[in-house]
Amino acid sequence: MEADAQRSLSMRAARRTDRSSQTSRYKEEEDGGSSPGRAGQDPLKMIWKRGFVRLVFVSAIIWMMLILIALLFHVWSCSSNIRFLSALCKKDSKVLNMLDSIGLSPKPQHRCPIPLADDPEAIVIPKRTPNTIPKRLSYIMVDEKANPPLFGGHQSWTERENSFKLNTTMKVHCGFMQNGGADMDPMDVEYAKKCRFVVASGIFDGYDVPHQPSNISDRSQKLFCFLMVVDEVSLDFIKQNVTVLEDADGGKWVGIWRLVTLHNSPYDEPRRNGKVPKILTHRLFPHAWYSIWIDGKMELIVDPLLILERYLWRGKHTFAIACHKHHRSIYEEGDAIKRRKRYARPLIDLHMKIYRYEGMEPWNPNKRTISDVPEGAVLIREHTTMTNLFSCLWFNEVNLFTPRDQLSFGHVVYRLGDAFNFFIFPNCEYNSLFILHRHTREHSSVVEWVKSLDEFKRNTSGLKESRGGLGLWSPYPGDLDSVHLPPVARTSPAG
């Protein structure tokens, strides 16, 4: 019996040893296997290793959260109504482009809704506005003071002064002097003769490619001619980057846009060349009744019939333009142009001194318009004799002085007084009509960097424009030395 009891105890002890060894083996397997020195590893080292892994993991989470917060702030600032935040936003950033490509780009929020009609098919086109003063308008076509002639001619100071005096019958300078440049192909001239409703745009010196409009109704596609004016450099650039189709008559098309080539560029500077189709749309397309001009960098996203109804027909206007986002006074705008080096500083000052001498006051709330400075990227016009005259006088200022047309617009309005009744609408509505794209490259001209008139006098090989801005080099019939420009306070950090 005792032998059996001892045998039983020894068997139990053996089973306990086996279970103990199995448990130890299971733990080693769960811990990733055994290692020779594991039993003697320093506990502090084990704690440090685990802590380091946790630190890396937490740091990665925090870093990802910071990136996400920065991304959300960037997107929010781009759609914010706060001027300071919107000024920080870079609308053409790679972030927004990436989000837009996958359909996650934030929809733009505007400070005011645009009160458009709902259905282009239901819009009733009114009768044309009758001409009052002037009733008949003709143009000076021959430049007798230059050979070869200049596109804008040689308008004297007396002729300029008389052009602001309204009469029933008027004859004024308005570009397109015979043999002065800006020549259209005959096939484009014939095509434009049938156009009564025009959406026009322009690309010069290869700064853009055509952007296709969207939300265009079938009625507007049949009613409107979409005409993209280009120079020869831009035509070659467009052919290299997008598909250009040619019809049986030789017309060139990019989607809905018909490309209209202007040969023999009238000016040395692309900026000034671009003002020809923009301001003188009625001269390029003389058979048009209505026109909507948009800059080449813009994509139209509203049906053009809705635009005409909202900005012309509803209020019985013949000319509409958006006000500038930041500036109200031309002197504010001139200061911003100098600060951003958008044109030669001494020429801007001279331009502003002439306007100040002629009585142009800084904008104030008592003026009849909400701003003297427009956002010139969109012009909406009925081609009456009065709007055509205004366009000619505006262009003559651009031809005589600087190509910064925002400076000239308010002065021509001032000189015509109450005779020119137009609609200047809020900037936020302007932002609801288009999508703004970036240029393929930045505009640049040596003229923009000139700091003093002495630089022009010392260098006659390239700094002075030979075919534009002649009014800044002709003796002005007034004492400009006594003129002091009004002080300018910067009203917006983005302006």
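User: Which residues form the one aromatic cluster?
Analyst: In this predicted model, the cluster is formed by Phe197, Phe224, Phe226, Trp257, Trp289, Tyr290 and Trp313.

User: And how many aromatic pairs does the count come to?
Analyst: The count comes to 27 aromatic pairs. One of them joins Phe420 and Phe422, whose rings are stacked with 5.2 Å from centre to centre and 15° between the planes.

User: Are those two, Phe420 and Phe422, buried or exposed?
Analyst: Phe420 is buried, and Phe422 is buried as well.

User: What about charges over rings: which ring does the charged end of Arg283 sit over?
Analyst: The charged end of Arg283 is placed over the ring of Tyr139, at 4.1 Å from the ring centre. There is also Arg272, whose charged end sits over the ring of Tyr267 at 5.9 Å from its centre.

User: Arg272 is in α9, I think; which residues of α9 are buried?
Analyst: The buried residues are Arg271, Arg272, Asn273, Gly274, Lys275, Val276, Pro277, Lys278 and Ile279. Because nine of the 10 residues in helix α9 (residues 270–279) are buried, the helix is largely enclosed by the rest of the structure.

User: What covers them?
Analyst: The cover over the buried residues of α9 includes the strands β5 (224–231), β9 (290–294) and β12 (374–382), together with the helices α10, α14 (385–400) and α15 (405–416).

User: Now the loops: where is Ser329, and why does it count as buried?
Analyst: Ser329 is placed in the loop between β11 (319–323) and α12 (330–339). It counts as buried because its relative accessibility is 7%, where the cut-off for buried is under 20%. Apart from neighbours within four places in sequence, Ser329 is in contact with Pro362, Trp363 and Val373.

User: And Glu361, what does that one touch?
Analyst: Not counting residues up to four places away in sequence, Glu361 touches Tyr331, Arg356, Lys367 and Asp372. Glu361 sits in the loop between α13 (345–357) and β12, and it counts as partly exposed because its relative accessibility is 41%. Glu361 and Asp372 are 11 residues apart in sequence, with 9.9 Å between them in space, C-alpha to C-alpha.

User: Last topic, the backbone: which peptide bonds are cis?
Analyst: The bond joining Ile133 and Pro134 is cis, with omega about -5°, and the bond from Asn147 to Pro148 is cis too, with omega near 5°. Pro134 is found in the loop between α4 (94–101) and β1 (136–140), whereas Pro148 is found in the loop between β1 and α5 (157–163).

User: What is the phi of Asn215?
Analyst: Asn215 has a positive phi of about 60°, although it is not a glycine. Asn215 is in the loop between β4 (197–203) and α7 (218–223) and counts as exposed at 58% relative accessibility.

Terms used
Residues are numbered from 1 along each chain as its sequence is written. This is a predicted model: local features need pLDDT of at least 70, side-chain atom pairs count only at pLDDT 80 or more; totals for chains, interfaces and linings use all residues. Side-chain values use heavy atoms; hydrogens and water are left out. Rings of Phe, Tyr and Trp (its six-membered ring) pair if their centres lie within 6.5 Å; planes under 30 degrees apart count as stacked, over 60 as edge-to-face and the rest as tilted. Buried means under 20% relative accessible area, exposed over 50%, partly exposed in between (1.4 Å probe, protein chains only). A charge sits over a ring if NZ of Lys or CZ of Arg is within 6 Å of the ring centre and within 35 degrees of the ring normal. Helices (H or I, at least four residues) and strands (E, at least two) are DSSP runs, numbered from the N terminus. Contact means heavy atoms within 4.5 Å.
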